Amino acid sequence: MRSRFHRRALRGTVAVASVLAIGAGLAACSGDSGSKGSQGGSQGKDTVTVAFRTPNWILPISAPGFTQGENATFTTALYRHLYEYQLDGSAKYNINAERSMAEAPVVSNGGKTLTITLKDNKWSDGKPVTTKDIQFWWNLVTANKDKWASYRAGGFPDNIADWKITDEKTFSLTTTKAYNTAWFVGNQLNRIVPLPQHIWDKDSATASVGDLASTPAGAKKVFDFLTTASKDPKSYATNELWKVTSGPWKLDKYVPNGEVVLAAQPTYSGSDKPKLAKIVLRPFTSDDAEFNVLRAGEIDYGYIPPANLSQQSYLESKDYKVAPWYGWSITYLQLNFNNPKTGVLFKQPYLRQAMQMLVDQPTINKVIWSGMAAPSCGPVPLKPGTTDANGCAYSFDPAKAKTLLEGHGWKVTPDGKTVCQAPGTAENQCGEGIAAGTPLAFTVTSQSGFDATTKMFSEIKSQMAKLGIELTIKEVPDSVAVTPACKPTEATCSWDMSFFGSQGSWYYPVFASGERLFSTGAPVNLGSYSNPEADRLIEATQFSADESALKAYNDFLAKDLPVLWMPNPVYQISAYKSGLQGVEPQDPMNYFYFQDWSWKN
Amino acid sequence: MTTLPEVPGVPVGAPPLAVDADEAPVRGLWRQGVSVFCENRLALVGLGLFILLAGVCFLGPLVYHTDQVHTDLAAVHLGPGEQGHPLGTDGVGYDQLGRLMLGGQTSIVVGLAAGILATFLGTLWGAVAGFAGGWVDSAMMRVVDAMMSIPSLFLFMLLAAIVTPSVPMLILIIGAFAWLGPARLVRGEALSLRSREYIQAMRAMGGTGGRAVRRHIVPNAIGTVIVNATFQVADAILYVAYLSFLGLGVPPPAANWGGMLSDGLADTYSGHWWLLYPPGIAIILIVLAFNFMGDGLRDAFEVRLRRR
């Protein structure tokens, strides 16, 4: 008996001691005494090794289940989109003129018709890219929209009343109603990818290329043929289908679930030609595995998992440059307006404002996220890289928050329980549906496994407690942290607040409108927020020609607080060899543009 | 005045070489146990360590006041001795020494309560199964076997993910699965005790099974139970540490040593050693203390080691 328990207990003790010993070892390694690596420079290298999950979809028409970011980057490296974008505010409709295959659309017919002219581009086999390749794409997606991951009912292509090819270089499309052109270009035309009709328009490997996709039935057959080929990764590098590309790279080697090598496409017709000969995409089984290899200096570009952020200085001492990659995203704390108990509280704008004033975004970003987060002030992301919260509608101000609560009939008890003492609907009373004695006590469902998130909610809980607002933090795994939208009568509607933004809550397409997030009944409006004015402004962002619609929508929701705006963690903390150039600025849309990369001479 | 009889080789006035055992002075069982326990130096060290750690954790905050509710982002990661923090501060500005005391309270309370709960449940289950025998024993022990076949840490994690972790909940979760070991041990003791003459006699006189378990089986297995309880407490403290290390411990601002150790490990590369060593060393010391005490208690309850 004794020996068994003794062994168990000793095992535990040994385990704890081991943690300490390992910690001691790591602490010893954390000094700056490590020998400096090479000081950058190419050393004759023309290859870059990148930590990158193995893509498993090559067809540039997204399919359900294959929409991971690595697939988007992979297909874009081989097949250019009609339009590429830049979010620095310098270009019309955010179109990146250099990378795009067409000129900016010309708008006519009261905003309904967009005429697009292709630039002079060639496929890698020397054939020109023409409107026939655009038509081919159109035929495939319209006939197979149920199998297209980017399809949304009522969206592209349902909202196209007329599609017309004018000549080899020009085509036009007329929408069913007038859209905001910036919205349409950013969020609808971003899906168009010219496809090599002269190679792909067939329904089997042995068939000859024809005009099969011009009929819906034929388009279905072609689509099935292409998707079947795309579901066979082991043949990616050998299948003739994938040899002709429009992008700056060609596939040199593909190992299923393993390494992928991209080689510079010598016949690439774009102006952003690759500067490196090869890009090696190396997958890792876990973040820890990737980080160990990064620490060993065996990859040129990788990322620091959030849990290892404290090792930034160590990596810098090993000749890596650490760069936060700001995403085109926002992060927020979701409020459940339909909660049968606390929903009435969240419906009070003053209460949301008071709680927002207790979130000290700048300090949390700086101290807890170590600068690897940016403020969220409203539904439209701040310009990537912005770190101050000066433009936020509600800055950190506990005194003002207290005044706000007391002015609405709450008896504020610091570090106690703040309760409603003046029920009613008058200006100085708690508000509709709030009974006397109602406390301000909420449960936050948050993600486990993120140290910074845990610390952030310790801070927010502490600030709220100072005004007698009791937050209970319940950490749950990622898979259940995204709480569902619900009706008050449903059992699943018991959640108060939820946070799933440890790596950003929501990543936008180019035009950051909120029709999917904050309009009444929207699919990702998890908190069931509803405000007619917000709905009107959101609709304006989609359908108004007014270029200030997006600003008006952002300004209104920034103040109305459909959610509590929270620090927005970076998409990724990148680390790359200091000799590698062209990595920054990193694309907020989360694409890699390897053709910009080169080694310092 | 009486004259002592002369015995060859024994000086007059000296105590006799041997006396009838029935006439030997018999010390109380508990006193003997305490005496044997005290002879085990390590057991005394363990007891002293436990008293010291418990004293620091529960009485320390009375003399060393810190704010363990409000964060202070202006004072994060201060080193030991800086700005009046003997052990520095952590990543949200909590005083590390105060946090160690607060965390120790949770670890010790959960460890003791879960250990006692597990021992109580296991003792009852094992005693009933062992005394009843037959199909009752088989059925009850198959339940134990079945539950033992599931890794306990997995079960703890599953439950901790479903319910909101709190101190009472952690006690219940750990206690609800840690009783299996004591149940098997006590069942073994009960199997041997139930055939003893005094139990047979009690049954012959009409004593019930319940009385036998309550008045004879459990009291006679108490040595095994108490020794085992110390190891259960040590195990429970480690389980709390494991769960907290996996992010399933009590939510902030509550603390426990396992959670502090986990946080400290994340900060290791930053050179914030004071976040790692103190909770780690505290866990080692408290677990060792209970192990040493368990060893001493085993000696104390082991009849063969007692003086006669």
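Let me begin with a term: helices here are DSSP runs of H or I with at least four residues, numbered from the N terminus. In that sense Ala289(A) lies in helix α7 of chain A, which covers residues 287–295. The model I am showing is a predicted one, and side-chain atom pairs count only at pLDDT 80 or more. To stay with Ala289(A) for a moment, there are 12 other C-beta atoms within 10 Å, and a residue with 12 or fewer is classed as exposed, so Ala289(A) is exposed. Its C-alpha atom is separated by 20 Å from that of Ser317(A), a residue 28 places away along the chain.

Let me move on to another helix of chain A, α12, which spans residues 398–406 and in which Ala401(A), Lys402(A), Leu404(A) and Leu405(A) are buried. Viewed down the axis of α12(A), the buried residues fall within an arc of 160 degrees, and therefore they line one face of the helix. What do the buried residues of α12(A) pack against? Their partners in chain A are α10, residues 349–356, and β14, residues 410–411.

Next, the nonpolar cores. The largest of them has 154 residues, and the residues with the most contacts inside it are Trp137(A), Leu140(A) and Leu564(A). Helix α3 of chain A, residues 131–143, gives the most to this core, contributing 7 residues. If we set aside residues up to four places away in sequence, Trp137(A) touches Ile192(A), Val193(A), Pro194(A) and Leu195(A). There is also a second, separate core of 73 residues, which includes Ala129(B), Ala190(B), Ile237(B) and Met293(B).

A cis peptide bond joins Phe156(A) and Pro157(A), with omega at about 5 degrees, and Pro157(A) is found in the loop between α3 and β4 (160–165) of chain A. The bond from Glu584(A) to Pro585(A) is cis too, with omega near 0 degrees, and Pro585(A) has its place in the loop between β23 (580–581) and β24 (598–599) of chain A. Asn590(A) is found in the loop between β23 and β24 as well, and its phi is near 75 degrees, a positive value in a residue other than glycine. With 17 other C-beta atoms within 10 Å, Asn590(A) is partly exposed. A positive phi, near 60 degrees, is also found at Asp415(A), again a residue other than glycine, in the loop between β14 and β15 (419–420) of chain A. Asp415(A) has 12 C-beta neighbours inside 10 Å and so counts as exposed.

Turning to chain B, we have 12 helices and 0 strands. Of its 308 residues, 45% count as buried, and among contacts between residues at least 6 apart in sequence, 72% join residues at least 24 apart.

In one pair, α3(B), residues 96–132, and α9(B), residues 209–220, pack at an angle of about 115 degrees with their axes 10 Å apart, and the crossing is right-handed. Here Thr123(B), Ala127(B), Val128(B), Phe131(B) and Ala132(B) of α3(B) meet Gly209(B), Ala212(B), Val213(B), Ile217(B) and Val218(B) of α9(B).

In the other pair, the axes of α11(B), residues 257–266, and α12(B), residues 277–301, come within 8 Å and cross at roughly 140 degrees, which means that α11(B) is oblique to α12(B). This crossing is left-handed. On the α11(B) side the contact is made by Trp257(B), Gly258(B), Met260(B), Leu261(B) and Gly264(B), and on the α12(B) side by Pro279(B), Gly280(B), Ala282(B) and Ile283(B).

Is Asp263(B) buried or exposed? With 24 C-beta neighbours inside 10 Å, Asp263(B) counts as buried. Leaving aside neighbours within four places in sequence, Asp263(B) is in contact with Asp451(A), Asp90(B), Gly91(B) and Leu275(B). For Asp263(B) and Asp90(B), the separation is 173 residues in sequence and 8.8 Å in space, C-alpha to C-alpha.

Technical notes
Residues numbered from 1 in each chain as written. Chains lettered and ligands numbered in written order. Predicted model: local features only at pLDDT ≥ 70, side-chain atom pairs only at ≥ 80, totals over all residues. Buried ≥ 20, exposed ≤ 12 C-beta atoms within 10 Å, placed from the backbone. Helix = DSSP H or I, 4+ residues; strand = E, 2+ residues; numbered from the N terminus. Arc of directions from axis to C-beta. Contact = placed C-beta atoms within 7 Å. Core = buried A, V, L, I, M, F, W, Y, C linked by C-beta atoms within 7 Å. Axes fitted to C-alpha atoms, helices over the stretch in contact; angles between N-to-C directions. Parallel < 35°, antiparallel > 145°, perpendicular 65-115°, else oblique. Left-handed = near helix turned anticlockwise from the far one by under 90°.
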